[in-house]
Amino acid sequence: MSSLIVGTAGHIDHGKSALVRALTGIDPDRLPEEKRRGITIDLGFADLELDDLRLGFVDVPGHERFVKNMLAGAHGIDLLALVIAADEGVMPQTREHFDICRLLGVRNGLVVITKKDLVDEDMLVLVEDEARELVMGSFLENAPVVAVSSRTGAGLDELKSRLIELGKRVPPRSLDFTMRLPIDRAFSMKGFGSVVTGTLVSGTITEGAELELLPPRIPVRVRGLQVHNKSVHEAHAGQRTAVNLAGVDTAQIERGMVLAAAGRLRPTQVIDAWIDVLPGASRGVRSRSRVRFHIGAAEILGRVRVLEGSSEIAPGKGGLAQLRLEAPVVALHGDRFILRSYSPAETIAGGVIVDPFATKHRAREMQVALELLHLLMSDDRAEKFEGFVKAAGARGLRPADLAAATGWTNEVLAQVASQVQKDGSVIDAGGVYLARESLGRLSETVIAELDRHHKREPLARGMLRETLREKVFAHSLPELFAGVIARLEADGNVVSEKDIVRSSEHSVGLSDQDAELSKKIEQLYLAAGVEAPTIDEVMTRAEVPVARRAQARKIMQLLIDDRKLVRVQGEMFMHAQALDALKTRLIKYASQHEPNRLIDVAAFKDLAGVSRKYAIPLLEYFDRAQVTRRAGDKRLILKV
Ligand SMILES: Nc1nc2c(ncn2[C@@H]2O[C@H](COP(=O)(O)OP(=O)(O)O)[C@@H](O)[C@H]2O)c(=O)[nH]1
Ligand SMILES: [Mg+2]
């Protein structure tokens, strides 16, 4: 059995609700006020099984003041029933609702002429002509036009068979998108708690699933599910679904929020979109104008910035624009939306989301930004993938970022990812996707930065990893640094050591004179043993002229980098061999003083053959090196 959503549309009092009732036996006007006044204020729902079709009806209000409510239901329609009363013909909301459905990308449907019993045959023909003219050039151009009377029942059987025919032609909803339910109603039920309803636009909801309510990101659990008033274990795309939620108060839920798989989608406030302005709009879409942005079941205020050409998209024209919203929404690439003017509220345009997580575009970067947006508008998923990764630049893009922008399932993401990597346009660097050009640019910057460093510090082994990361990768995702360095290393461009990165061509080249000085300094420290000279003393003993002392210090630094010299305290350095020898003696001392393995300062002075001046820094050094540990005024020699 396939499930489809049938949406009504049309002017007030044209018999939409009566039609739904006549077809299904269910009165979609459920609110007391609706029943009392005989008008539809908010969305109404009903269902009907025809053959192997399960139709969920969404009945919308026709009054111009309630277009906002109509929009909350119009987003998920598979089949449109455009309702026109035979005695009135096409009226303003007939046009507005029809425009909205076209802009939302509805692809299938039919025209229903209602109140057939009120007019004669001539009049009926006239209204049918008017209807045909209205839908000319649209998705309803060749659609059936059925005349009915909800009062007498005339034409209802024909309408049902038309719905069955059309229903068979509606392509099944794509399985390529993760679960999303825009909420159009929330209420509490005694003994059950919060219940939300909506059209499940994609994916599957399963009883017990851990989901998330967006934008506020409230974790919720599916306690129960109903489709067409029957409890089910699973609801599928295309079904009107009621979800009983645990973990949230009804007061926290609003129409327009979205139920999605936990951690999968992200709210956004800045969006790049393609906008089509209605030919009959009373005004264009202008930069800085305030608009009502309708997406899914949500309405949010926002401002527009036209990105291409002039600062206006004129009636009948289309163009790229950035929308800055006053509150966060869930929007995915490819989602349709409607724009209405702020005041008076009129439908002026519709559009499709291009980049749901847009950034501000500076004037000088606009050309590049526009090219990327056009790439995203391609029908080819590999190009879209590439476009998103390119737009992220040196920041890189995580798989989760793409999932949140596109709503694609993991299977689709993996398939497209492998394609773009095979094409070579996108590279996986440390689990982050990077455009080939961005990798090239980052790699060049790393190499240039290292070359500059080596030129400036020829005696240093290389650049500190952290310094390099801060200089080149400040605007990149943290995983990217290791990923890019690993690639450069695999290609033989750089060598990465513990805390240092260097160009593979760099070697510490000492001049003969420097090499001799290095040897002399090392000899001095070796000879001094643990009675280390100060640096000044070393300089004097090595007869280093004042002018060469800075160079001599660098040479010392190399000895430190090579772990030949070790800093014991401040400017006190010792040769590693001297420290090792002393350590061996300490361990031997300990073995002779089992079981307590203690040594006091006096004994240590004797053992090391040094005065207090060296004994204390040495002991503190051994403490840090975890050879000894303080135990009162003695030291415990640790087992190594
Ligand atoms: N004579 C006649 N009246 C109808 C028919 N359908 C609806 N009506 C009446 O038209 C009025 C408006 O109908 P309703 O379904 O509420 O219109 P909606 O605003 O489009 O939902 C009500 O008084 C209905 O009884 C019909 O087929 N024939
Ligand atoms: Mg109604």
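**Entry 1**

I looked up His 228 first, and I found it in the loop between S11 and strand S12 (230–231). Helices (H or I, at least four residues) and strands (E, at least two) are DSSP runs, numbered from the N terminus. The model is predicted: local features need pLDDT of at least 70, side-chain atom pairs count only at pLDDT 80 or more, and totals for chains, interfaces and linings use all residues. Residues are numbered from 1 along each chain as its sequence is written, chains are lettered from A and ligands numbered from 1 in the order in which they are written, and side-chain values use heavy atoms, with hydrogens and water left out.

I read a positive phi of about 50° for His 228, which is not a glycine. Asn 229 sits in the loop between S11 and S12. Phi of Asn 229 is near 65°, a positive value in a residue other than glycine. I noted the background: most residues other than glycine have a negative phi.

Are these residues buried or exposed? His 228 counts as buried at 13% relative accessibility. Asn 229 is exposed, with a relative accessible area of 63%. The cut-offs are under 20% relative accessible area for buried, over 50% for exposed, and partly exposed in between (1.4 Å probe, protein chains only).

**Entry 2: cis peptide bonds**

Next I checked peptide bonds. Most peptide bonds are trans. The bond from Leu 214 to Pro 215 is cis, with omega near 0°. I placed Pro 215 in the loop between strand S10 (210–214) and strand S11 (218–227). The bond from Ser 343 to Pro 344 is cis, with omega near -5°. Pro 344 lies in the loop between strand S22 (336–341) and strand S23 (347–355).

**Entry 3: the magnesium ion**

Which protein atoms are donors of the magnesium ion (ligand 2)? I found Ser 17 (OG) and Thr 40 (OG1), lying 1.9 to 2.1 Å from the ion. Ser 17 is in helix H1 (residues 16–24), and Thr 40 is in the loop between helix H2 (32–37) and strand S2 (44–50). The pair links distant parts of the chain, 23 residues apart. Ser 17 is buried at 10% relative accessible area. Thr 40 is buried at 9%. I kept the rule for donors beside this: N, O and S atoms within 2.8 Å of the metal (3.2 Å for Na, K and Ca). Water is not among the atoms, so sites may look incomplete.

**Entry 4: salt bridges**

How many salt bridges does the structure hold? I noted 33. A salt bridge is a side-chain nitrogen of Lys or Arg within 4 Å of a carboxyl oxygen of Asp or Glu. Side chains of opposite charge can pair when their charged atoms come close.

I looked at Asp 401 and Arg 266, whose side chains meet in a salt bridge (2.9 Å, N to O). Asp 401 lies in helix H9 (residues 399–406) and Arg 266 in the loop between strand S15 (258–261) and strand S16 (268–277), so the pair ties together parts that are 135 residues apart in sequence. Asp 401 is buried at 9%. Arg 266 is partly exposed at 27%.

Then I turned to Glu 449. The side chains of Glu 449 and Arg 452 meet in a salt bridge (4.0 Å, N to O). These two are three residues apart in helix H11, so about one helical turn separates them. Arg 452 is partly exposed at 47%, whereas Glu 449 is buried at 9%.

Glu 449 forms a salt bridge with Lys 471, with the closest N and O atoms 3.8 Å apart. Glu 449 is in H11 and Lys 471 in helix H12 (residues 465–472), so this pair ties together parts 22 residues apart in sequence. Lys 471 is partly exposed at 46%. I also noted a network: salt bridges that share partners join Arg 21, Asp 27 and Lys 35.

**Entry 5: H11 against H13**

Last, I looked at helix packing. Helix H11 (residues 436–456) and helix H13 (residues 478–490) pack at an angle of about 75°, with their axes 11 Å apart. Axes are lines fitted to C-alpha atoms, for helices over the stretch in contact, and angles run from 0 to 180 degrees between N-to-C directions. H11 and H13 are therefore roughly perpendicular to each other. The cut-offs are under 35 degrees for roughly parallel, over 145 for roughly antiparallel, 65 to 115 for roughly perpendicular, and oblique for the rest.
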